[in-house]
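Please look over the sequence and the model shown below before reading on.

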Amino acid sequence: MAALEEEFTLSSVVLGAGPDGLLGVEHSDKTDQFLVTDSGRTVILYKLSDQKTLGSWSVKQGQIITCPAVCNFQTGEYIVVHDNKVLRIWNSEDVNLDKVFKATLSAEVYRIHSIQGTEPLVLFKEGAVRGLEALLAEPQQKIETVISNEEVIKMYCMFLIIFFHGNYFAYVQTFHSRVLSKYTLLLGQEEKVVIQSFTASVDRKFISLMSLSSDGCIHETLIPIRPTDPEKNQRVVRSLLLKAVVSGNARNGVALTVLDQDHVAVLGSPLPASKECISIWNIKFQTLQISKELPQGTSGQLWYYGENLFMLHGKFLTVIPYKCEVSSLAGALGKLKHSQDPGTHVTPHFVNWETSQGCGLGCQNSEQSRRIVSLVIEIEISLILLFQKDSEKHIEVELRKFLAMKQTPDFHAIIGDIVTGLLERCKAEPSFCPRNCLIQLIQTHVLSYSLCPGLMEVALQKTDVQLLQLCLQQFPDIPESVTCACLKLFLSIGDDCLQETDVNMESVSDYSGTAQDEKMEEQTKILQNGFNPKEDNCSNCDQELNEKPQDTTKETISCPVIPKRAALLNAILHSAYSETFLLPHLKDIPAQHITLFLQYLYFLYLKCSENATMTLPGIHPPTLNQIMDWICLLLDANFTVVVMIPEAKRLLINLYKFVKSQISVYSELNKIEVSFRELQKLNQEKNNRGLYSIEVLELF
Amino acid sequence: MGEFKVHRVRFFNYVPSGIRCVAYNNQSNRLAVSRTDGTVEIYNLSANYFQEKFFPGHESRATEALCWAAGQRLFSAGLNGEIIEYDLQALNVKYAMDAFGGPIWSMTASPSGSQLLVGCEDGSVKLFQITPDKIQFERNFDRQKSRILSLSWHPSGTHIAAGSIDYISVFDVKSGSTIHKMIVDRQYMGVSKRKCIVWGVAFLSDGTVISVDSAGKVQFWDSATGTLVKSHLIANADVQSIAVADQEDSFVVGTAEGTIFHFQLLPVTSNSNEKQWVRTKPFQHHTHDVRTVAHSPTALISGGTDTHLVIRPLMEKVEVKNYDAALRKITFPHRRLISCSKKRQLLLFQFTHHLELWRLGSTVATGKNGDTLPLSKNADHLLHLKTKGPENIICSSISPCGNWIAYSTASRFFLCRLNYEHDNISLKRVSKMPAFLRSALQILFSEDSTKLFVASNQGSLHIVQLLEGSFKHLHAFQPLSGTVEAMCLLAVSPDGSWLAASGTSAGVRVYNVKQLKLHCTVPAYNFPVTALAIAPDTNNLVIAHSDQQVFEYSIPDKQYTEWSRTVQKQGFHHLWLQRDTPITHISFHPKRPMHILLHDAYMFCIIDKSLVSSSLLPPESSLESL
């Protein structure tokens, strides 16, 4: 996620910025010092961290600065051009620009380009480029014309020059080889589109040229750094990156700049009527990361150095520090819980970008939404205040009022804040337990573990299994250690404690509730048609099992845990996990609990195998894969312990026999597959293996 | 391009013969392969593994051993007891010499290449001196009890290891006497077999003898003491062949289970100087017995009863990871075995000992792309022509009019006239062939079937006028003075005025048939020609080379055409160049002069000269042939 921090204005003095804004903001040789050139006569050196002016220089009345001042990083001197042809070089000790070094050139300068590590380059309006030293050695040297007369330099960035003459042309000149290559930028169908802003970034092979068109779209054009054929006029095609970032008819200019490989900053108004905004977009996921309104208007110019964005806000030079984190899909969307059960209601567990984008895109009435936002914030503040002192009852009422309101873009963040507030009070005041509030908040479906990490911790402390079950069902991103702690609690909590709780039982159907005798007998009969380990005659190892067949059947049939515990365990089965992180925690669970859980899982498996589709009855039951994965995990983690426990012996034998029978089934299937393949081959041969045929074939 | 009615002919059930021996020549990077029918083929490994020469087989000449000696001279020996040297220029047998020891089972050339050693059925090991134009018997070594199945020289040339039945003998070359007899264990997986045949031996410079035997063992012996050093049991069946790399750091063995195993001499631990032989990689590229293996510096070569020649590059020895690093499997000969009579829709199939003549079926139906049309008439097998004598057929051809069939063996040339009366066919052999038409490497009829062009193995080209039931010799183009290189490929222009002929190495020569003189020579190219054809109307000669390059040369202008130059400048698409099977036939679309039709053993493709850039791409459609 990207973030725009609190802005600050650099100068208390109103700059002499004309309607075109500033000439430029350039980095100085010292960190956080910047040269700001206004479009009149003044160059100012600012120190950003102190927010103060270090120096200011002006040219004489009647002269006008035509090219922004830059710093020569090799010498630490500053360079500026006034009246198109007059070059001035000075350092920070100099006071008067009239007395400093002066060189009058033979052609008009467009820009001076200076980057760390090399000498500055001078770009002339006719397109020629000279190194500063070579130029100063002979200031009156003849400057050749590179571009034709009709072409005008529109924009320039790094070593790329954009010319406009009907079409857009990009000239790429590499400094060392002095090879100039020309590229025509093809704009595609939309004839009327005018490119309003360019920005470029370079990687090893390509210059990525991004353009912001008047229709508000950002396009990317890749230009090779090493041209294949410098003589020819080459054409490059652009591809669409983002659509409708700013509105087409901005009053002032719009600006675009690349922040890093994934982020761009865009300056402009998102809606035709709205105020201008500075926004950061993620190109990779095409999402708006953050946006900030600039109500006093801008000049449509945007610079960035380090982690600061510079722009003219009203009459003042404004600096907005920003942060862009490396973007990942998980970061952009949040981790999605795996669920493919038919009865599940799909709720987005991640931030809904559409709504926040919609704000900027005019899908909603922005005025109305803004009002709601402010209202919500007000209520939030009052709620948080309430939490500090009020009674549970009152908080609950207020919260219900709040939740009844329409959801706003940052609803999830507000909910997160509320929960955090509640939890803080919980911790401070052990008697305070707003269970109903928390349950309500969890049921908003917008919370996640990372938004309120303390919630489950508190629930675990208070052994509030209902809350934990809810969290397990709702949160997509519970760490494995917490899942395991929940499992531990669910297995160890006493039956009588459970009976008192109000656990959601929808994942447990009547199967587990029937420990009664009369129903059991019916089920025994049903079972005999399905899978029954007793009939598996391949093993002689378990004499114990053969001795007491009646017992075995009974045990396989009755659920080893009470329904409420089953419901809690099902919630665990449904939660997302990664094996590597889960395994170490599973080792901490006591052996008798492991056995119990295994017995329950085995029971679920037997239930599964009763029908052909291998599913359990009920709403949202655990799937066969989940059951199998958990059995494997538990055995992996605790085999050496479980194998020593006498109670687990029968269970292990059953599991062993189950695996053995699976293997024999698969080997049988493999045998069938071979013959089946042969049959298929025979079939194919019959179809197309005549010795002679006449066929019609179309060859391209 | 449009739609074609494609006759899919699958009744040409040509089965190549199994491979008996391979011999790799490091000097010229060529591989000699002998097959069970006596055919000897020479593959140029530098020229994209092209089979550039072949010597036709002979029923009585079952080759059991093949070796290069004295530089680039090729010798074979077989069960008829003869040692044969091949003439690699004229492509015939130079001489055959009886070794007088009964069937010969093994042969090897001395490290210096000046002597030849054969192991015979009667247990004798005979040493021959190689003279510049022949070989000369020198002496016998101590006679052994039973047949000598394998032989190997010590790299210094002083000792010889000979594998026999149940034992290996080590001879001193100077005295010719046996120094050691090393008895091979008959035990096989605990069961005593009747006999243990030592199929192969290899003598290393440190005195180690490696043997492979019918009990599935690879054994290492110390020849100085005559003791067994190490034994690897690698197969449940016979290990039939062994070949050692020149550096003696790796060797390869082939088993009767179709597996080959790679052994390498590797340090026992890293950084240690002590090395031992380790079985490193097994390869299973064969379905049947691997009768023979060879070890080139960069590849393991194997061949066997399943008729495939497999060249498996050793990845650690390949410097550039290009297409040469890919596995090659060569099954079919790199030459045309089918000729076609366009007028009568006849196909002539050439087998080793007979010819088959088939008439294509017909259909009246039409259909769209991908349809199989119902046949109104099925294909007919018209004729089955068996050759007389034990020799294999070298080449054959049917005239475009379908009235003539010509074929040749190594010593006889046959010309037959076919008469068609309704559904009956009568065949009449033209007798009394002239003496110079003894054998032919390539036969071609002119488009109007009035002339016959014969490339004889003496390097000369004969033009014969065909008349009703008889013929007249018109002219013979003699080879350029000093060369005896045989011409293997012929092409005649459809108007009958130009004849192009190509040998194995020199460039393509173009003769003016009307004026009976040499017209020009196409500049020689590094890679051998695999197919030739002259386009109608333009008389452009299209030449395909074994490196997959295709050239077009204008005969009237005596220069490469504009298209050919453009193509050479741009280069072919890499996928086209990466194909591993040479083009064996070039033809033209009668109505579309811009199209060139090409095919190899696995695909058929069309080059459209009008689309220069896209023609460099691999063709979209390809048909399975053969």
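**Cavities, a loop residue and confidence**

The largest cavity is lined by 22 residues, and those nearest its centre are Tyr14(B), Asp37(B), Thr39(B), Arg335(B) and Thr352(B). A cavity here is a set of points, on a 1 Å grid over the protein atoms alone, where a 1.4 Å probe fits but cannot get out, and lining residues have an atom within 4 Å of a point. This is a predicted model, in which local features need pLDDT of at least 70 and side-chain atom pairs count only at pLDDT 80 or more, while totals for chains, interfaces and linings use all residues; pLDDT is the predictor's confidence in each residue, from 0 to 100. Residues are numbered from 1 along each chain as its sequence is written, chains are lettered from A and ligands numbered from 1 in the order in which they are written, and side-chain values use heavy atoms, with hydrogens and water left out.

The volume of the largest cavity is about 190 Å³, and the structure holds eight cavities of 30 Å³ or more. A volume is the space filled by probe spheres set on the grid points, which are joined across faces, edges and corners. The lining of the largest cavity divides into 10 nonpolar, eight polar and four charged residues. The second largest cavity has about 90 Å³ of space, and among the 16 residues that line this second cavity, Gly507(B), Val508(B), Tyr525(B), Val529(B) and His545(B) are the closest to its centre. Its lining has 12 nonpolar, four polar and no charged residues.

Elsewhere in chain B, Asn403(B) sits in the loop between strand 37 (395-398) and strand 38 (404-408), strands being DSSP runs of E with at least two residues, numbered from the N terminus. Asn403(B) is buried, with a relative accessible area of 16%, where buried means under 20% (1.4 Å probe, protein chains only). Leaving aside residues up to four places away in sequence, Asn403(B) touches Arg344(B), Cys416(B), Arg417(B), Leu418(B) and Tyr420(B), a contact meaning heavy atoms within 4.5 Å.

In chain A, Cys67(A) is buried at a relative accessible area of 0%, and Cys71(A) is buried at 1%. Counting as a disulfide a pair of cysteine sulfur atoms within 2.5 Å, there are zero disulfides over all chains.

The mean pLDDT of chain A is 74, with 72% of its residues at 70 or more. Over residues 332-366 of chain A the pLDDT is below 50. Where pLDDT is low, the predicted coordinates should not be read in detail.

Key: Buried means under 20% relative accessible area, exposed over 50%, partly exposed in between (1.4 Å probe, protein chains only). On a 1 Å grid over the protein atoms alone, a cavity is a set of points where a 1.4 Å probe fits but cannot get out, and a pocket is an open set with protein on both sides within 12 Å along at least five of seven lines; lining residues have an atom within 4 Å of a point. Ala, Val, Leu, Ile, Met, Phe, Trp, Tyr, Cys and Pro count as nonpolar, Asp, Glu, Lys and Arg as charged, and the others, Gly among them, as polar. Helices (H or I, at least four residues) and strands (E, at least two) are DSSP runs, numbered from the N terminus.
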